[in-house]
Amino acid sequence: MKWLLLLGLLALSECIVHKVPLVRKKSLRKNLIEKGLLQDYLKTHTPNPATKYFPKETFATVSTESMENYLDAEYFGTISIGTPPQDFTVIFDTGSSNLWVPSTYCSSLACALHKRFNPEDSSTYQGTSETLSITYGTGSMTGILGYDTVKVGSIEDTNQIFGLSKTEPGLTFLFAPFDGILGLAYPSISSSDATPVFDNMWNEGLVSQDLFSVYLSSDDEKGSLVMFGGIDSSYYTGSLNWVPVSYEGYWQITMDSVSINGETIACADSCQAIVDTGTSLLTGPTSAISNIQSYIGASKNLLGENVISCSAIDSLPDIVFTINGIQYPLPASAYILKEDDDCISGLEGMNVDTYTGELWILGDVFIRQYFTVFDRANNQLGLAAAV
């Protein structure tokens, strides 16, 4: 009887899902609009989300990401670093692999306006002589690498390597609604070869399954979660459809086609798509997105946003993404975003060069519709209709 009880407790422990709540805040774009700075920002910043996904070997000595990719990011969670814990708001970003936060070593104004990690206040911090340098489109961050305990939800991830920023120049970080970034992509794209947080969790035996899952609620205030080490079926309907990862760097998959009303409008001969929680919008090649914007009647306003009449939403067609033989329709209620009294297209074009070919980024606009499992053990993504 005791053995049966013990086995039951072990089985129960294996089913534990560590849930980290996410909150939805104003994006960097909205902050800039409210301060009347967006037009000036866009004059010196030319956002191109594709830059984030160019192959690492394309660049010389630093990794390059498009910080403008986070211009519309809205979902954030809280982690803590150190002993006693110091709290930070971060993007849980499946499109990058490094964890970094501002630090007291940083002299940039952006750091002064955000929470900063103080290594001297942590009894468990271990410094290194290693440096971290990430160049973003028109800005950058530089810093050093250190080790400390990182708490993510109920998980205490000891001896985790992370970046402590020393410089964060430019406006991009200044008005960002987050302190740092927690990358959840593969270690192969990690700057300075730093071990990503989830890899360390698995290596230390802190999660029972080598996977995590994401549920993004449409509710403006609550309900969104990142779940480490398991899957909670109450957040989706039907069954999970599994899609092989085509490149173990980003969470990249092969997509069959993109269609509207049964007509293929893009990705005719299959293409690559990346499922990225760090991208709020749904992005694709400029020409394809322009065609869709015209099809649905969206037009640019003075701020460069594609707006549409709110009364037209009910008559707009689904955009259907066919992945591994399964259709994933995206209704207008998902790809048209309501902001106050305005209705804005959640689709964005990006300049894709010869390094990437035809590439689509299935960001939060898609993930809100489809509960997503990021399965590292089997290098696959699980998709199911979100509740």
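Counted along the chain, the bonded cysteines of this protein pair in the pattern 1-2, 3-4, 5-6. The model is a predicted one, and it holds 3 disulfides.

Taking these in turn, Cys106 is linked to Cys111 with the sulfur atoms 2.1 Å apart. The torsion about this S-S bond is about 75°, so the disulfide is right-handed. Both partners, Cys106 and Cys111, are buried. In the link between Cys267 and Cys271 the sulfur atoms lie 2.2 Å apart, and here -105° about the S-S bond makes for a left-handed disulfide. Cys267 and Cys271 are likewise buried.

The remaining pair, Cys310 and Cys343, has an S to S distance of 2.0 Å and is right-handed, with 115° about the S-S bond. Cys310 is partly exposed, at 34% relative accessible area, whereas Cys343 is buried at 2%.

Turning to the active site, the unreviewed UniProt entry lists Asp93 and Asp276 under this heading. These residues are spread over 184 residues of sequence, yet they cluster in space, with a largest C-alpha distance of 6.8 Å. Asp93 is part of strand E4 (residues 86–93), and Asp276 is found in the loop between strands E17 (271–275) and E18 (282–285). Asp93 is buried, with a relative accessible area of 0%, and Asp276 is buried at 0% as well.

Terms used. Residues numbered from 1 in each chain as written. Predicted model: local features only at pLDDT ≥ 70, side-chain atom pairs only at ≥ 80, totals over all residues. Heavy atoms only, no water. UniProt positions renumbered as here; feature names shortened; annotations may be inferred. Helix = DSSP H or I, 4+ residues; strand = E, 2+ residues; numbered from the N terminus. Buried < 20%, exposed > 50% of the residue type's maximum accessible area, 1.4 Å probe, protein only. Disulfide = S-S within 2.5 Å.
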